[in-house]
Protein chains: 2
Amino acid sequence: MTDAYQKLAAYARETAILASAGSLLDWDQQTYMPSGAAESRAEQIGMIAMLVHTRRTCAAMRDRIEEAEASGLDPQSAHAASVREFRIDFDRAVRLPSELVGELARVTSQAQQAWKRARAADAFASFAPWLERVIGLCRTKAACYGTPVGGEPYDALLNEYEPAATAAQIEAVFTPLRDRLSRLLVELRQGKDPAPIKIKAEAARQHDFGLYVIESIGFDLARGRLDTTAHPFCQDIGPDDVRLTTRYREEHFTDGLYGTLHEAGHGLYEQGLPRDAHFGEPLAQSISLGIHESQSRLWENWVGRSLEFWTWALPHAASIMSAELSSYLPEQVYRAVNTARPSLIRVEADEATYNLHVMIRFELERALFRQEIEARDIPGLWNEMYAALLGLTPPDDTRGCLQDVHWSAGLLGYFPTYTLGNLYMAQFMEQAERDIPGLKAGFCAGSFAALLEWLRANIHRHGRRYRASELCERVTGMPLSADPLLRYLESKLRPIYSC
Amino acid sequence: MTDAYQKLAAYARETAILASAGSLLDWDQQTYMPSGAAESRAEQIGMIAMLVHTRRTCAAMRDRIEEAEASGLDPQSAHAASVREFRIDFDRAVRLPSELVGELARVTSQAQQAWKRARAADAFASFAPWLERVIGLCRTKAACYGTPVGGEPYDALLNEYEPAATAAQIEAVFTPLRDRLSRLLVELRQGKDPAPIKIKAEAARQHDFGLYVIESIGFDLARGRLDTTAHPFCQDIGPDDVRLTTRYREEHFTDGLYGTLHEAGHGLYEQGLPRDAHFGEPLAQSISLGIHESQSRLWENWVGRSLEFWTWALPHAASIMSAELSSYLPEQVYRAVNTARPSLIRVEADEATYNLHVMIRFELERALFRQEIEARDIPGLWNEMYAALLGLTPPDDTRGCLQDVHWSAGLLGYFPTYTLGNLYMAQFMEQAERDIPGLKAGFCAGSFAALLEWLRANIHRHGRRYRASELCERVTGMPLSADPLLRYLESKLRPIYSC
C-alpha cells in the first residue's frame, strides 16, 4: 500500500461515515420514526445526500484518486483494484449533472405516488404518462453515462446494479433457463402440490425463532439487529452495524421466516466484508446486486428450504414458536415450503417460477428503453407473456403490470439482478458441495459454520476486488451458466412432485 | 422581517437539520444500537459535530449575522431578539479554540471512565486527579468566554446552561430556600410517613399506561415516541420529532411513570416551540435548562403528584397497568407519592429534599472552581454538609460524592438549573392558578388542555425571545423568588404529615 492510497482511503472513510448517518435516517424512517416527521426526514436525508455527493465528486476526491493511481501500486494487488473501482465510481458520479439527479428524484417521487394511486384503482392509463416520463429520464441518464464498450445503451443503467454486465450476456443465460424452466413446470403440473402447513404463531414468538435461526447461521447480533417493517430489508449503518427487518403474518410463519433468512443472507455478506479495516473503500463493498442476491437466496432457499435445515430447525421451531409444529415431520415441512406453482405475484412466487416473472420484466423494460414499445402497450404485452410463460392471465393490472414499484422509482436495469442472484447461488453452491464434505448433512446438527467460512473465504473477503463474472470463474472454474440452477431446481422439485 | 434575516434563518435551518442527524445517532445509541457499534458510532457523531461546528463558526455565518444586524429590524421585534441570540451563540462558539474543545471531549471521556471505576470501587482518591484536571479545563474554558459583566468567572460556565444568570443571584434565592426547607424538614420529622403502595406491574403494562397519560396531557405521539433506556431523557430529532425515554421497575411503577411524566414535560415544551416555522432559529429554541426543567418538574410534580391527577388517573392505571390498584383510593396514592424523607441519593430524592442535594453541589463546585478548596477536600466537606442539611452521613463515597456523573463530564454550572426549574415551576403555577379558574379541579376529569394552552401562550411560543428572568417577570409580574416553591411544598406536605 502507498501513502497516497492511505490518504484516499481516509478521505473515503470520512465520506462513508457521513453517508452512514443518512443510512440511519433511512432505517429509522422505516422502523421507529413518528409518522408526522416524514417531511422533515426527507430534508434531513437530502441534506446528508447532498454533502456526501459533494465529497464524492469534488476536486479533493479527484486529486486523491489521481495521486493513488500514480503512486506505483502493484497492478495485481487488492489496492490497485480498489483504486480502479474508486475511479469508476468517481467518473460515473461526475457524469450526472446535478439538475438531472434532482429531476430524477422529484419525478420518481411523484411517479411512485401516481403508481400507488393507479395500482389501487387498477388504472394503468393514469400511470402510463409517468412511466413514459421516467423512462425518458432514464434514457437521458444512460446517455450521460455513455454506452459501455461492447454493449448497448440499456447496459449503462444495468451497470448501476450489476457493474460490467451486459444485457446480451444476461439474455444468453436467461434464454435456456426460461425454456427448461417452462418444461419443468409442465412436468410438475402432472404431480400433486404438497400439503400446506396449517398453524398459527404469534409475531413475538416468530421473532424469537427468527433471532435463534439467524444467530445459529452466524449473523452477529452484537453488530446487527432484527426489527419489523412493512417491507423487509437489510441496511448497513456503519462499520459494525448491519440491520435486518422482516414482517410477520400469524397464519403464515414461513413469510416472516424466509424474509428473515433472506435479509440475514444479505447481512452475512455485509458482516463478512472487511468493514473494520476498509470501511468506505471498494475493498469492503459488495460487488453487485446479483452477487448480493446470491447470498440472500442462498440462506433463504438453498439452506432454509432444505430437508437438512428442517431436520435441525423443526424441534426449535416447535419449542420457540408454536407447539402445534410438534405434530409435523421435517419431511412434511420441507415439502410444503417447496411448493412450486405458477402465480401472478412475483414477490409471492416460489423458487422456480420466480425467474419467469423476472424475465418478463427484463424483456419489457429493455424493449421500452429501446423505444420498441410504448408504456401504453405494457398491459397487453404483460398479460400475453404471463399467459405464455406461466399459463395465467392477470384479472386486472393491479395483479399484473402494476404490481412492482421499480419502474415508477426509476429502477430500470434492476430486475435481472434477482435472477442473476439465483444463478450465482446455484453455481456457487455446486462448488461449495464439492469443497465441503458433508455440507448438507451438517445442517441436520445445526452446523452452518463451514458454509459461512467458505463464503467468507471465497466471496465476502474480496469486496469489489473482482467483477462478478470474474469471481464466478475464480470460485467455480466456469463462466455463469443456467445449468447449475436448473440442476438444483429439477433435482429438488421432481421428487417432491413425484415426476 | 428582512431578507437578510430570512437568509440567516435559512442557513441556520440547514445547520440544525444537519445537527438533527447527530441527534438521531445519539438517540439510537441509547435505544437500539447494537453494542458492537459503539466505537464507530462515536466516529459518526464526531463527524456530524465537526461539520455543525464548522457551519456555526464560519465566515458565512458571521456575514449572515452581520447582514441581519444591519438590516433595520424593529429592535422590539421577535426577529431582532433572534438576531441578538444568534450573535451571542456565534461569539461564544468562536471564542473556544478547537484544540480546547477537543481536549475537553477527550479528558471528560476518560474522566467519566475513571469516575465509573472509582464509584464502583468506592475509591475517590483515584478520581481526584481527574476531577482536578477537568476543573482546570473548565477554568480555561471560562477564561476563553471571559467573565460576564457584573458577574464572576464561574458564571461563564453557568451561562452555558442558564444564559445571563449569575451565581450571586442564584445564591440570593437559594439561601432563604435552604433555611426554610431545613425548618420544614424538622417539622415533618414529627409526622409519620404515608403508607407505601405495594403492587407489581409488568413493564409492558406500565408502558401502555405511560403512553395513555402522556397522550392525555397533550404530548403528540404522531410527532414523538416513548422508548426504554437505562437513563430517561428527552431528545428532539427534527422539526416534527421529539422522543422520550423512561425505565421500568416492576415493583416500583412510580419510577417509570414519573420518569415518563418528567420527560414528557420536556417534550411538551419542545413540541410547543414554534419548530415548524422557525427550526434552527433561537425563536424555536428553549430559553435555558432552568426553564426547561420548570416544564418537566411541572408535569411530573405539580400535576402528576396532585390529588386531582390521581382522582382521574387511578381507574385508568388500574385497568391498563395493574388491577391490584383497584384496592387503593386516590388519596392513598397521592399521599404515598408525596413521601418527603431525607435520603442520600439525589436522583431518588423527593420534591422537598431534592433542592438541598442540589445546593450542596452548587456550593462545592463554586468553591472548587474558585480554588478555595481542592478535589481531595470533597469527600469530607460533602459528608459534613449532608449531615448538616439532611441529617445523614453517607456510609461511603459511592453513596456520597461519587454518585453523580456531572463533574467527570465537565458539566460545571449545571446543577443549580435543577433547583431553578423547581423555583420557576412554582412561581409559574401560582400565576397559572390565578389565570385559569378551576385549573386543578379540571385534572379530576382528565382536562389538561387549559394548562397546556396557558404554557404555550405564556412560555413555549416565545422561544428565546426573552431571558429566563425577564420571562419570569412578564408571566408572574415578579422576579424569581423562593416563596412560591416554599408555599407549594409547605401547603402540600404539612397536611400529609399532619403538622
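In which sense, right-handed or left-handed, does α15(B) pass α16(B)? The structure examined here is a predicted model, in which local features need pLDDT of at least 70 and side-chain atom pairs count only at pLDDT 80 or more, while totals for chains, interfaces and linings use all residues. Residues are numbered from 1 along each chain as its sequence is written, chains are lettered from A in the order in which they are written, and side-chain values use heavy atoms, with hydrogens and water left out.

The crossing of α15(B) and α16(B) is right-handed, a term that applies if the near helix is turned clockwise from the far one by less than a right angle. Helix α15 covers residues 354–369 of chain B and helix α16 covers residues 378–390 of chain B; helices are DSSP runs (H or I, at least four residues) and strands likewise (E, at least two), numbered from the N terminus. The two axes come within 10 Å and cross at roughly 145 degrees, where axes are lines fitted to C-alpha atoms over the stretch in contact and angles run from 0 to 180 degrees between N-to-C directions. Residues of α15(B) that meet α16(B) include L356(B), I360(B) and L364(B), and those of α16(B) include W382(B), M385(B) and L389(B). By class, this contact has eleven nonpolar, one polar and two charged residues, with Ala, Val, Leu, Ile, Met, Phe, Trp, Tyr, Cys and Pro counted as nonpolar, Asp, Glu, Lys and Arg as charged, and the others, Gly among them, as polar.

Between the chains, 35 residues of chain B are in contact with 35 residues of chain A (heavy atoms within 4.5 Å). Together the chains bury about 2600 Å², 62% of it on carbon and sulfur atoms; buried area is the accessible area (1.4 Å probe) that two parts lose on being put together, summed over both. Y32(B), P34(B) and M47(B) supply 20% of the area that chain B buries against chain A, more than any other three residues.

Six salt bridges join chain B and chain A, each a side-chain nitrogen of Lys or Arg within 4 Å of a carboxyl oxygen of Asp or Glu. One salt bridge pairs R243(B) with D28(A) at 2.7 Å, N to O. Over all chains, the structure holds 85 salt bridges. Within chain A, R55(A) and E14(A) form a salt bridge with their closest N and O atoms 3.2 Å apart. This pair links α2 (residues 38–57) to α1 (residues 3–31) of chain A across 41 residues.
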